[in-house]
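Try each task before you read its solution.

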Amino acid sequence: ALLPKKKPQPQGAQQRKSRVDSTPISVPFEEKKRLMRVYGPIKTLRNRASKDIDQAAKPDSVRRKFYRWFPDFNERFVITPGGWYTPKAGHQQEMDYRQAMRKMDLELLVKKRNDRR
């Protein structure tokens with residue numbers, strides 16, 4: 001009946017979200033590939049040899065990449081009666097948001113590269 005005591009949190013420390021409220025929705029593999037193909041990444045592509053999403057992609061690899069590209073998927077997308085996922089704000093607004101995020105990330109990447117020189 002002896003339970004370990006929890007460490008007291010320092011004043012003003014942020015608490016992590018519990019996994020319960022951020023549990024990802026189970027999205028089918030083909031739907032993940034479709035969403036990745038349509039909306040693209042949220043960050044600028046780095047100088048790496050990229051693999052085509054359709055080309056014999058391993059499901060675990062696609063799953064990891066999907067949740068990197070769509071970190072707030074639960075908040076931004078809803079499922080349609082047909083089983084497709086669509087952006088809550090609409091297609092064009094999601095495309096504009098992702099373009100703005102890529103541009104912001106590119107500016108940060110350029111700054112990092114220039115600072116290293």
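**Exercise 1. Work out the fold along the chain.**
Task: How many helices and strands does the chain have, and which pattern do they follow?

Solution: 
- Start with the count: this predicted model has four helices and two strands.
- Next, read along the sequence: the pattern is α-α-α-β-β-α.
- Finally, look at burial: 22% of the chain's 117 residues count as buried.

**Exercise 2. Find the main nonpolar core.**
Task: Which residues make up the largest nonpolar core, and which elements give two or more residues to this core?

Solution: 
- List the members: the largest nonpolar core has 11 residues, namely Val27, Leu35, Met36, Tyr39, Val62, Phe66, Trp69, Phe70, Phe73, Phe77 and Tyr85.
- Now assign them to elements: α1 (29-39) and α2 (59-69) are the ones that give two or more residues to this core.
- Keep the background in mind: in soluble globular proteins, nonpolar side chains tend to be buried together.
- Take one member as a check. Val27 is found in the segment before α1. With a relative accessible area of 5%, Val27 falls under the 20% cut-off and is therefore buried.
- Then compare sequence with space: Val27 and Phe66 are 39 residues apart in sequence, and their C-alpha atoms are 9.8 Å apart.

**Exercise 3. Sort out the salt bridges.**
Task: How many salt bridges are there, and which residues does the network of shared partners join?

Solution: 
- Begin with the idea: side chains of opposite charge can pair when their charged atoms come close.
- Count the pairs: there are six salt bridges.
- Asp60 forms a salt bridge with Arg63, with the closest N and O atoms 3.8 Å apart. The two are three residues apart in helix α2, so about one helical turn separates them. Asp60 is partly exposed at 46% relative accessibility, and Arg63 is partly exposed at 37%.
- Arg76 and Glu94 meet in a salt bridge at 3.0 Å, N to O. Because Arg76 lies in helix α3 (residues 73-76) and Glu94 in helix α4, the pair ties together parts that are 18 residues apart in sequence. Glu94 counts as buried, at 1% relative accessibility.
- Turn to α4 itself. Lys111 and Asp115 form a salt bridge, their closest N and O atoms being 3.0 Å apart. These two are four residues apart in helix α4, about one helical turn, and both are exposed.
- Close with the network: salt bridges that share partners join Arg76, Glu94 and Arg98.

**Exercise 4. Find a charged patch on the surface.**

Solution: 
- Name the members: Lys43, Lys112, Arg116 and Arg117 form a positive surface patch.
- Check its exposure: the relative accessible area of Arg117 is 78%, over the 50% cut-off, so Arg117 is exposed.

Note on methods. Residues are numbered from 1 along each chain as its sequence is written. This is a predicted model: local features need pLDDT of at least 70, side-chain atom pairs count only at pLDDT 80 or more; totals for chains, interfaces and linings use all residues. Side-chain values use heavy atoms; hydrogens and water are left out. Patches are made of residues with over 30% relative accessible area and no salt bridge: like charges are joined within 9 Å, nonpolar side chains (Val, Leu, Ile, Met, Phe, Trp, Tyr) within 5 Å. Accessible areas come from the Shrake-Rupley method with a 1.4 Å probe; for residues, only the protein chains shown count as cover. A salt bridge is a side-chain nitrogen of Lys or Arg within 4 Å of a carboxyl oxygen of Asp or Glu. Lys and Arg count as positive and Asp and Glu as negative; His and the chain ends are not counted. The place of a charge is taken as NZ of Lys, CZ of Arg, CG of Asp or CD of Glu. Buried means under 20% relative accessible area, exposed over 50%, partly exposed in between (1.4 Å probe, protein chains only). A nonpolar core is a set of buried Ala, Val, Leu, Ile, Met, Phe, Trp, Tyr and Cys residues joined through side-chain atoms within 4.5 Å.
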